[in-house]
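The following exercises concern the chains of one model and the sides on which they touch. Each task is followed by a worked solution.

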Amino acid sequence: MSKFLLTSLLACAVLSGPALADKVITGAFDQGPGGAPQQFNPLTNTAGFTWLNKYYSTLVLYDVNFKKISGDLASSWTVADGGKKYTFVLRPNVKWHDGSLLTSKDVKFSIELANNPDSGSGFAAKFGNVTSVQTPSTRTVVITLSKPNAALLDALTNFMILPSAQLSKIPAKELRSSAWWRTNPIGTGPFMWSKYVPDQYVELKANPNYYKGKPKIDRLVNTYFKEQASAVLALKSGNIDFTYLSLDDTKTVQGSNATILSGPSQVVNYLGFNLSDPRFKDVRIRQAVMYAIDRATIVKQLYGGGAQLANCPVTNDKYEPKGLNAYAYDPAKAKSLLQAAKWDSSENVEIMTYYGDQLSKDVLVTIQQMLAQAGMKVTPRFVDVPTYNQVTGGNNFAMVYAGIGNGPDPDTLYPSMHSDFIPPNGTNRMKINIPALNKLFETGQETASQTKRIKIYQDMCMLANQQLPWDVLWTAKRFGGVSNKLINFVWTPAPAGGRYDDQAQLWDVK
Amino acid sequence: MTALTAAPVRPRTPTRMALKRFLRHRLAVVGLALLAVIILLSIFGPLIARFEPDQIDLLSRSQPPSSVHWFGTDQTGRDVFARTLIAGRVSLMVGILSTFISLVVGTVLGALAGYFGGWVDNVIMRFVDVVMTFPSIIVLLTLAAIVGPGVDKTIIIIGLLGWPLACRLVRAKLLSVRELDFIAAANALGATDRRVLLKHALPNVIDVLVVFVSLGVASGILTEAGLSFLGLGVQPPQASWGNLLTGARELTVLEAYPWQWMPAGALIVLTVLATNFLGDGLRDALDPKARQ
Amino acid sequence: MGIYALRRILTSIPLLLVITALIFTLLQFTPGDPLDAYIPPDQVISVQQRQIIKEELGLDQPKAVQYVRWLGQALQGNLGFRIKNGEPVSREIARRLPPTLLLMGLGVTLGVAFGVLFGVIAAVKRYTTLDNVLTFLAFLGISTPAFLAGLLGLYVFTLKLGWFPAGGYQTPGDGSPLDILRHLLLPALILSITYVAVLMRYTRSSMLEVIFQDYVRTARAKGIGETKLISKHVLRNALIPVVTVIGANVANLIGGAVFLESIFSWPGTGQLYLDAIDSRDYPMIMGITLVLAAVILFANLITDLLYGLIDPRIRYS
């Protein structure tokens, strides 16, 4: 009798086939400037959305080329009342990871939570015009604005919808650093929370009820690396399947077991001037700096051609008008402009930056030499983010070298260039105060017509190019490396990560 | 006919004997010579180099060693040979001066604590505890953030963080020496505390201090390298061996452009080797009981 | 000796107060406060929001009040909450302690074992080729900066040879002791290099000095065998500087392997410290300082007690 049992058991084992190994993709998704390691609160995060997108979802998303916004949780939407009323229809049968259904109540809850100052969310600035959120049905959401906001859809591309059933139980003030975000959070994304080992990795597992189909892989792991070199090494030795790469890193990854992905960073680098400092009030000085720097050579040599010259803060072709001053390298002109503006050549100006990577160091050292040749002495100063924030929040600085996200919607530059947002009210750290520029940003946000908007931002580009509130330099490409073992993997750089549909449910391993 | 006076004999002073012992120690002589070469190169090298250490040449980036650029070029086309040598000035200064500060402060305090004991010892050792307890990293980071990075500040900070070890070594030595018989004998014969301390106890401490100095200079240079790794210490575009070595932090540079960081690394190693050999030789030479 | 130890422990308490007060004061002079670290350069946050966060974190109180409040809580065993994510400070430190202890434990053990061993060999076989080779290797060990040794080690042993994983504490999904050991070995070995080098030098140097002392010569003249001589008479005295060096390096035990932890992504307290400074996380910094200071004071006490054991001539009044 037992012999029969044994044989039948064996037969079962043989006939059912070998157990399928778990399909895992491991990557350093929070590596690099777009990442936010170990920060899991989508309301207060300003980066790390690539990872957050894997288990939370947004109403709308860009495509991978950032050309068009399509619905994700929203199946469709209409804009009415001159851009003041947005009606979203939600996709049917979307389930939270705990099995309950997503309803319009969750959307209303999320937006109101963002606007609640207690939650400390940066989205409050973007939803400032929202006067009410209505839920006429379980799948319809109506957002009413006091003024049209053409950039609302753009803002919604990284606004994660949160479960009202769970989060309404937690007071908003405690939500900011609540343990909920890192112990079994509930989302609607392709993957769901599995395990978090602090300082080491986060693991997600496939969401079988995902509305676009169950993911092909079983687990997705995000490992944390303190050293970029260690992440690159882990990629090359096959320990991980994906990481962010710096320009230099691409040289060592080339031709190995990984492929290099690249894309526009949508970040524009600029030299900023403390415009409340009398030394820099004369536009000729800012012009001189532009003429003194051989940007074309820097782009060609230091960036290996992987950057584009930028002549105004927006670098999307459609917003650049004809007739911009290209400020081509002209050291003689720079010298004469400095002399005309009576620049004191014995002055030594400090250029502060929060960048610490080798490329930025090389760029600053090169700029230092170029400016010296034109008669302006500068010294680079490398600081960390808190120091940068504090110093630029005040008045005790001269110049900075920084980068700012300028896309996909140019409205994202508003808080950094409008005089209403001079610190402590916002991030206009260079204290730009140009009434005409203010007006352009305001109208740009309120105009619904696409063609009119394009014209407005073209005007803004021209104004910035002439009056030089910033000395805009270039916009560079950013890179990632992915193991050749992966199939259907999609990634493109974005200033804060995420915001585009990377079809994570289709990712697969050979 | 015998000469009435013998041929003049050179007197065998302790110093001469020490020198003789030192010269017999081959490695020490090598160390001294090596150190001298490195110091001379650092002082005069940048003058004989063909290029200015800060001269950028974007068209000659990251070139391997050649007859034009003897150590190749770095990521902005600067001559690595010139930069490495001028970096030596900075690193050596940091190592030597910071150790000097540690040595002076530590010896004085350690001698006082070790010899007098009692409450003097207690107070000083608690002070040692406070300084040693300060994790050097937080003090370095905080002070550098407040006063700004730079060579002089780095020297002072490293020096002020290194004296406790000297103090403890001197004190420990003195604690045991204090009990030795010849000190008791000297006291019995009426010699005052200070004379006894200086004449008898201190010389016994020198061998430990010599080792401390040789390791201290090395440690100073290495701490500077570590600070550069954290983004402090000597800032670009000024060069130090530490911040030249930090270039290896990028895998590409580590693997494909070794000429950019290996010379600085090699010089750190050679300098440390030289100071250590030198220290060895000095200890052997100064210790009256040492045998060859 | 017991009274001495007791007295030391009692004097440690005001010392800890002084240290924490000093660190707190230093922190106030550091540019940037926790909010500046918490909020990235291009995040828009309204004045109202900023004020709310400030109040919550207690940053709107005058400095002295903040310190006293922290102290009061610390005395009750509550080290506060981390600004970054609201986790209790004590839990964060406790979580990082096992990996730190593992790394340090193995690293120091290997370092002491090989260091003293090589030091003794080098002293006994002084001036021979073996001595020179060992001395040379020791110098090489001391003179290589930690981060370079780490990077090179990672490069050679992980990338080129494939013997070890590329950092981390464990493989996600695994975490067995064997898995952790595989991840631990390389950083521990590299960590031990410095200790081997330093201890070898000190052991050799102080042994050489002791070997020539009169009492050793007398013992040798009395016919006591070389091995017994070394182990019983020479080694004990030679160990004084060794004990000093180990004691001095205790500060490194918790905060010191920063470079290796960074390169090998080892979740230890050293990195925690740097993170805390980067984010100006006052409660975190104060918490780690307190723990670190207490550990070091304790280690110093042990060191001094050991002196008394090794050298019976040392008396403590």
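**Exercise 1.** How many residues of chain A are in contact with how many residues of chain B?

*Solution.* The model is predicted, and local features need pLDDT of at least 70, side-chain atom pairs count only at pLDDT 80 or more, and totals for chains, interfaces and linings use all residues. Residues are numbered from 1 along each chain as its sequence is written, while chains are lettered from A and ligands numbered from 1 in the order in which they are written.

Step 1. Two residues are in contact if their C-beta atoms, placed from the backbone, lie within 7 Å. On this basis, 20 residues of chain A are in contact with 17 residues of chain B.

Step 2. The largest share, 7 residues, comes from H13(A).

**Exercise 2.** Determine which helix of chain C gives the most to the side that touches chain A.

*Solution.* Step 1. The contact comprises 41 residues of chain C and 47 residues of chain A.

Step 1. Helices of chain C that each supply at least two residues to this side include H2 (34–38), H3 (47–57) and H7 (146–160). H3(C) gives the most, with 7 residues.

**Exercise 3.** State the box that the C-alpha atoms of chain A fill.

*Solution.* Taken along the principal axes, the box is roughly 105 × 55 × 40 Å. Contacts between residues 24 or more positions apart make up 69% of those in chain A with a separation of 6 or more.

Terms used. Helices (H or I, at least four residues) and strands (E, at least two) are DSSP runs, numbered from the N terminus.
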